[in-house]
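Colleague: I am new to this structure and would like to learn how its features are read. Could we go through them one at a time, with the general idea before each case?

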Amino acid sequence: MIRTDRLAAASRWKDKSLSEKAVTALGLMGLALALPPFPGALAVLAAASLLAWRSGVGPADWLALLAPPAAFIATGTMALAVEIDSAGLHLAADGGRAGLAVALRALAAVAALLLLAATTSTPALIDGLRRLGLAPELAEVALAIYRFIFILQDTAQTMHAVQAARLGTVGWRRRIRSAGLLAASLLPRALDRAHRQEIGLAARGFDGSLRTLSPRRPVSVWGLARAAILLVSIAGLGLAW
């Protein structure tokens, strides 16, 4: 199961309205992009982390969610933090402040987006976009891609288990060879499973849309008010600094 979906299923916010969670998370992301990085982005990052903890996301899971984008952001901002000239490699003229500011702003925006992903399942997000006017065809494509991720994951786990049973993971040479074989065979096998799933749906009268029950949570005025108070407070802190 995808980590964000597992966290969303166990979240204390799973019964909250999507509108409340979207206003909070997207508002924080907007503040991360609009406010100065010091201390605006830091405040957004801290608020997103605190809200994630209050929603039931443990510190280990939160750090695991942040680690991949943080590594990508760090490598991307190295070009702003360092300079290469005849003297060699050294910090930029501003001491790397520009790179640090970009990294903080990007990490805060990603944390705000992960807050929404870790408290709301993907089908619920797509259903919310559909209610906002997303074309049904795009919604179905998004759901199909979402289901294909599970097919890829299940196929990869099955192939890895077979390799391990045949001692294909003993020693680093065998691990490298097994990883190459898995990567080469994964996509064709997953596409074959997806094609068989498509045939099965067509045999059951699939007309291009999968109708599912999506209970709508009532919007809490107090919840929206708390989100607005939080956003205004962070905005005031970032502008008054």
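Colleague: By about how many helical turns are Asp192 and Arg196 separated in helix H8?

Modeller: Before I answer, please note that this is a predicted model, in which local features need pLDDT of at least 70 and side-chain atom pairs count only at pLDDT 80 or more, while totals for chains, interfaces and linings use all residues. Residues are numbered from 1 along each chain as its sequence is written, and side-chain values use heavy atoms, with hydrogens and water left out. A helix here is a DSSP run of H or I with at least four residues, strands being runs of E with at least two, and both are numbered from the N terminus. Because Asp192 and Arg196 are four residues apart in helix H8 (residues 172-203), about one helical turn separates them.

Colleague: What links Asp192 with Arg196, and how far apart are the closest N and O atoms?

Modeller: Side chains of opposite charge can pair when their charged atoms come close. The rule for a salt bridge asks for a side-chain nitrogen of Lys or Arg within 4 Å of a carboxyl oxygen of Asp or Glu. Asp192 and Arg196 form such a salt bridge, with the closest N and O atoms 3.2 Å apart.

Colleague: How many salt bridges does the structure hold, and which parts does the pair of Arg6 and Asp61 tie together?

Modeller: There are four salt bridges in the structure. The one between Arg6 and Asp61 has its closest N and O atoms 3.4 Å apart; since Arg6 lies in helix H1 (residues 3-10) and Asp61 in helix H4, this pair ties together parts that are 55 residues apart in sequence. Arg3 also belongs to this picture, as Arg3, Arg6 and Asp61 are linked in a network of salt bridges. Another salt bridge joins Asp127 and Arg131, whose closest N and O atoms are 2.5 Å apart, and these two residues are four apart in helix H6 (residues 122-131).

Colleague: Which helices do the buried residues of H3 pack against?

Modeller: A contact is read as heavy atoms within 4.5 Å. The buried residues of H3, including Pro37, Val44 and Leu51, pack against H2, helix H4 (59-81), helix H5 (97-119) and helix H9 (221-240). From the side of helix H2 (residues 18-34), Thr24 is one example: leaving aside neighbours within four places in sequence, Thr24 is in contact with Leu51, Leu115, Ala227 and Leu231, and its 9% relative accessibility makes Thr24 count as buried.

Colleague: How many aromatic pairs are counted?

Modeller: Rings of Phe, Tyr and Trp (its six-membered ring) pair if their centres lie within 6.5 Å, with planes under 30 degrees apart called stacked, over 60 edge-to-face and the rest tilted. The count comes to one aromatic pair. The rings of Tyr146 and Phe150 have centres 5.0 Å apart and planes at 80°, so this pair is edge-to-face. Both residues lie in helix H7 (residues 136-165), four residues apart; Tyr146 is buried, with a relative accessible area of 14%, while Phe150 is partly exposed, with 27%.

Note on methods. Buried < 20%, exposed > 50% of the residue type's maximum accessible area, 1.4 Å probe, protein only.
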